[in-house]
Amino acid sequence: MQMRRVLCLVLVACGSCGTPPSPARRTLVVAYGTDEFPVTLNRERLGRYPLNAGLCEPLVRLAPDFAVAPALATRWERREPNGVRFTLRSGITFSDGTPVTARAVAQTLDHAMRTRIDYTTLSDTSVRVVDDTTLDLRPARVNRRLVEQLVHPTYGVFKPGSDPARHPICTGPFQFVDYVAYDHLTVARNEQYRGERARLDTIVLRFIPDETTRTLALRSHDVDVIVDVGASNAAAVGRVAGLHIVTAPPGAVLVMYMNLNGAAPYQQLRDQGLRRAVAMAIDRRTLVTRVLGTGSAALVSTVNPPAVLGPYASQVVGIPFDSAGARLALHGRPRTLSLIANPASVDHATVEYVQAQLARVGIDVRVEQLDAAAFESRLNSGAFDLDLEQPSQNDANPAFLLALRWYSKSSTRSALFTHASPQFDTLVERALAANTVDDARRAAAEAMHRLVDVEVGAIPLAGISRLYAMSDNVRGFVPHPSRLNQDWSTVWLAP
Amino acid sequence: MSLAQWLVRRAGGAVVVWLLISFLAFSLSTLAPGDPAQLMLLRRTGDAPSETEVVELRHRMGLDRPFAARYVTWLSNASRGDLGESYRTGQPVLTELRTRFPATLTLALTALLAGLLIAVPLAAASAAARGTSLDHAARLLALVGVSMPSYWLAYVLMLVFAVMLGVLPVSGSGGLRHLVLPSLTLALGSAASITRMLRANLLDELGSDYVRTARAKGLPGHLVLMRHALRNALNPLVTVSALRFGRLLGEAVIVETVFAWPGVGRWMVESIYDRDYPAIQGFVLYIATVFIIINAIVDLSYRVMDPRVRLGAAATA
Amino acid sequence: MMRLVFRSRAAFAGGTIVVALFAVALLAPWLAPHDPALVDPASSFASPSAAHWLGTDNLGRDVLSRLVYGARWSLGIVVVATALIMSMGVAVGVVSGYAGGLLDDVLMRLVDTVLSIPTLLLGLAIVGTLGPGIGSMTIGLASIWWVGYARVVRGLVLTLRERGFVDAARALGANDRRVVLVHIMPSVLPSVAVLASLEMGELILAISGLSFLGLGVQPPTPEWGAMLNDGRSFFFTAPQLVLYPGLVITASVLGFNLLGDGLRDALDPVDALRLGRSGA
């Protein structure tokens, strides 16, 4: 005992006491929600999206500060007029020992396009293999944010000839072991990994759809970690001896979208005055502290996590809470608005709170409870006034959400109803065409300022953090704001 | 009526019911709001499709044909084992049902067995000790049991056995241990209901002439109960078990969701959340087929085992 | 003897619970201490106090008031559904039993069809197809639940025919309508009422189950099943939000079951036999 303490002190001196004397060889069990891999769109992305098990790596990865960091590629440079040249790390192999080449990357990108899971603007002619370690990408349309988009785990590179739907063979810190739909996905350490090898032997990712059951599973030590704990359960888990909560930096924002271009009877929010009144009526501070729960929510004014905008986030200030002002702006005229909410990400309490807040200024909100399919169909047909959602930021593109939801040239159907003014479009285009990330951030912040503060085309309600509940013997977990980019290779289990 | 005649009539009846249920299942999709082609494209591409894409797919899926024609196509495919593709997963519906049904079957059968194991002794004891505090306690327990929502019971069992005692896993599948809590949740509700029924049957039997005769002959009370009443009261137990089994499959939907049991009930709920109509239709037809077969077997077993049951029973499918 | 005493005492207890619940539903505006929809996040999760006897929920709403108003929704839905079920069941059952022949065959085959699938599963499929909500849930449940009634009513009508009621009335010159309304209905309705009270408990559980799956009543409507479902997120921090609606649901189902059992036993033994032990 004494010896170990001494040893530990020595190790502290070398700055590595956090690590055990020898790597603990154990299995970590992680509980997730519903298994979404069987869904058509995700079928070909087993272990990559919407659950990233650390199997595959893209060319570049998303650092916790939303910056782009090298992964399979070590360098990337602009190629005029509209291309990027990637240089791959040399001498790396897939988990089965075969070398990684530019051709494998090209094949992965091609697969993403074929299965319609590509979020960039690539086309058949965009990808060109120069040599084994060099790859040129040239999007079909001008897209200077391509590199920032490619950090998404969907672009995780798999070995040509391996089946990405059944047995993906990749380069990540873990390798595929087995998958039983709706039950579990098991991965093991990749001994061939290019970097520091994972500390765990095995991770079993279990699918448990019911949140209460997940929490009970943690309490009974059936599982070691739960991903995505509700704020209320988190508060309870935090009080249990032997368990603790880890809060990630905000990676999503609760956003109120508004139908800016609707046809009757959904045309009311074309009126900017009314939109401003709605924004003024909602006390966001109380929402954050009392309804969403401190720790999981933070006051923000941006529609993305502020970190994505870097130093420019402060340009977006938000509409201050002013109940009396809102009432005054409405001239005592009672209004009725219809509200839809994404059932997958927004809970009843938030909806009811917003409803109650608007009722106080004389806006009667009709809440329509919809299942996922009905919600999408309402959203895409413009049959709503207000729409609550919680979009996450999973790449490094500061204009990602702006270009998706409020840009008039967005390919997303619902943007027909939510797109903002031509002036906003110009700013978004500037962000998309900016040569440096810094310029892009600045332009995106300007666009967002216009959207939120000037046009009141959307109301950011709260920054949302992912909560992880885990037992105390889980060590080395570093939370990433984007759940999709969470790294498990640093985790180990104390004896 | 000879057994052969009976079998022919019985089979005919079953086919008619099967056809009706298939019609019912197929009509569900026409009741549904939304355009199936649009929904399918939405699921496949993740974004709302264009008008031309929808029109084209509607044509390819034959959705522009009249209802009757579509029904006939669907039915003939279904009778060949093709229930169509799930919108959500793009997999054949029958494959999904076949992969997931065994888990549900295991759960329901275990629960039924456990329910009977609890209910039969409890009912016998309760009937034998009629009017005593034991009887009252058993009946009160059974009453509370049938009055409790199953998901509520599920959480209580998890809390006690997994969290407080730490003897059983909370959820998932794999070993026998994983089966205990979900099947117990289902079993307790069943047990309560079977106890109530069986106790009443036993009391009826105890009041009947032959038992009174047996008593008059000087046989001790509990012996009478065991020898005569229980045997006769157990007869309808087959029917009750078949009925109960149907209820168990229904309740399994909730219990599977709570316990993360990868059965067909949870799959159904997920399909419903996603408006996956081929899956919903296929599920209804599949379960109906299973039940038509089970009911036919139950009827046949009566016919063979109990000489008192003769014709007339053919009406029940 | 003991049994009868127990039965009547139990039935009395059941009746008391049921009457009390209906009284609460009717008098909700006078009984509830607060507005059940009044959101006040500043006082969320308050412990029981003089102002809030059962404390407040996650949005600071008074739990007792929500339970009291919940009686209106929960019982209201059950009553509406039961009325739909009874009218369909009685109509089909009487027609089938009285007319006989081909019509009887067709109707009973339909009944068999619906009965060939577990009620909850078919209900789930219908509600799931129509989309979540009070309306589709009530329609979904009613459209399958009536078949059991139809079968029982048909059986009762057949018994009446066997006993010669119908022929006697016809011989006295009554037309079909008169026979049905004056001679058949009065003997059928009491049994149907008993059946309804036996099944109401089941119906309440079915409704709360659908709400649990998110397909039934939607928040903020203070229906008990929806309240319970909503409270699940606070299972560990505020278990009373699950406990109270759960207790109220259990108590009301218990009340209906006790009442139904008692009424069934009080009924003519032949009819009681027809109703079977389906309340179990």
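In this predicted model, the interface between chains A and B involves 28 residues of chain A, in contact with 31 residues of chain B. On the chain A side, four elements each supply at least two residues: the helices α2 (40-43), α5 (211-219) and α11 (372-381), together with the strand β10 (202-207). Sorted by class, this side of chain A comprises 11 nonpolar, 10 charged and 7 polar residues.

I turn next to the interface of chain C with chain B. Here 36 residues of chain C are in contact with 46 residues of chain B. Two or more residues come from each of α1 (2-26), α4 (101-115), α5 (119-130), α8 (176-212) and α10 (240-266) of chain C. Of the elements on this side, α5(C) gives the most, with 10 residues. The composition of the chain C side is 20 nonpolar, 12 polar and 4 charged residues.

Let me now return to chain A and its overall fold. The chain contains 15 helices and 21 strands. Its C-alpha trace extends over about 75 × 60 × 45 Å along the principal axes.

Among contacts in chain A with a separation of 6 or more, 72% join residues 24 or more positions apart.

Technical notes
Residues are numbered from 1 along each chain as its sequence is written. Chains are lettered from A and ligands numbered from 1 in the order in which they are written. This is a predicted model: local features need pLDDT of at least 70, side-chain atom pairs count only at pLDDT 80 or more; totals for chains, interfaces and linings use all residues. Two residues are in contact if their C-beta atoms, placed from the backbone, lie within 7 Å. Ala, Val, Leu, Ile, Met, Phe, Trp, Tyr, Cys and Pro count as nonpolar, Asp, Glu, Lys and Arg as charged, and the others, Gly among them, as polar.
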